[in-house]
Amino acid sequence: MEAMRTQTLSLRPVQLSDAALLQELFLRSPGYFALIGMEPPGLEDVIRDLHTLEKDPRRRAFLLFLEREAVGYLDYKLHYPRAEEATLSLLLIREDRQGQGLGQRALRHLMENLVGVKRLYAVVYGQNPRAKDFFLKEGFRHVKDGGPAVSWYARTLRAGPDEGLL
Ligand code: ACO
């Protein structure tokens, strides 16, 4: 654990050529898909999703690397629902790497780097108590349920230095 904390965590935008890597990450995280009642996506599905993503300039998707190993994925949308807000639709840490502080590090890194974003939403699908606990612990609060299987959480982000508040 001590060694892990000193290992470098980095985010790199997902490209179409990452489809197989991303699918492998999903396949190695079966618990999440069981939780949301879906099969892990096949390669074709991942490729299609990456194409869809490319067409939406507000969508941002990253692979999370621990040193050189792909250990997670995150996907959010800028200027959504409102101009100075963003919505995280998925933060996924590879199953064998969960509970080691990586999700927390990735989320904090993201929040520090979302310049100009005043509020970050997190949309949690399905019965996912772990994700809910995780976001509450990171300063989010429950804002609404969008139907039985979707819950929205949100938190404000600290003002950027350009706003003269630091
Ligand atoms: N049960 C309950 N809470 C837990 C657990 C667990 N098994 N593991 C971690 N947490 C909580 C703890 O409160 C922990 O705080 P601590 O430092 O006091 O122990 C805190 O989360 C941070 O733990 P991390 O080790 O950083 O969590 P992890 O790296 O596992 O990331 C995440 C959390 C993203 C939920 C991860 O477990 C995961 O990828 N799960 C599967 C996919 C998923 O459900 N993603 C969220 C979907 S919703 C959305 O992304 C908007």
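1. **What you are looking at.** This is a predicted model, in which local features need pLDDT of at least 70 and side-chain atom pairs count only at pLDDT 80 or more, while totals for chains, interfaces and linings use all residues. Residues are numbered from 1 along each chain as its sequence is written, and side-chain values use heavy atoms, with hydrogens and water left out.

2. **The order of the elements.** The chain has six helices and seven strands (DSSP runs: H or I of at least four residues for helices, E of at least two for strands, numbered from the N terminus). Starting at the N terminus, you can follow them as α-β-α-α-α-β-β-β-α-β-α-β-β.

3. **Overall build.** A compact globule of 166 residues would have a radius of gyration near 15 Å, and the 16 Å of the chain agrees with that (taken over C-alpha atoms; the globule rule is 2.2 Å times the number of residues to the power 0.38). Along its principal axes, the C-alpha trace spans about 45 × 40 × 30 Å. Of the 166 residues, 42% count as buried (buried is under 20% relative accessible area, exposed over 50%, partly exposed in between, with a 1.4 Å probe and protein chains only).

4. **Helix α4, end to end.**

5. Val46, Leu50 and Leu53 are the buried residues of α4. They cover an arc of only 60° around the axis, so they sit on the same side of α4; the arc is that of the directions from the helix axis to the C-beta atoms. An α-helix has 3.6 residues a turn, so residues three or four places apart point the same way. The buried residues pack against α2 (19–27), β2 (59–66) and β3 (69–78) (contact means heavy atoms within 4.5 Å). On the other side of α4, Glu44, Arg48 and Lys55 are exposed.

6. **Back to serine 29.** Serine 29 lies in the loop between α2 and α3 (30–35), and counts as buried because its relative accessibility is 0%. Leaving aside residues up to four places away in sequence, serine 29 touches Leu92, Ile93, Arg94 and Glu95.
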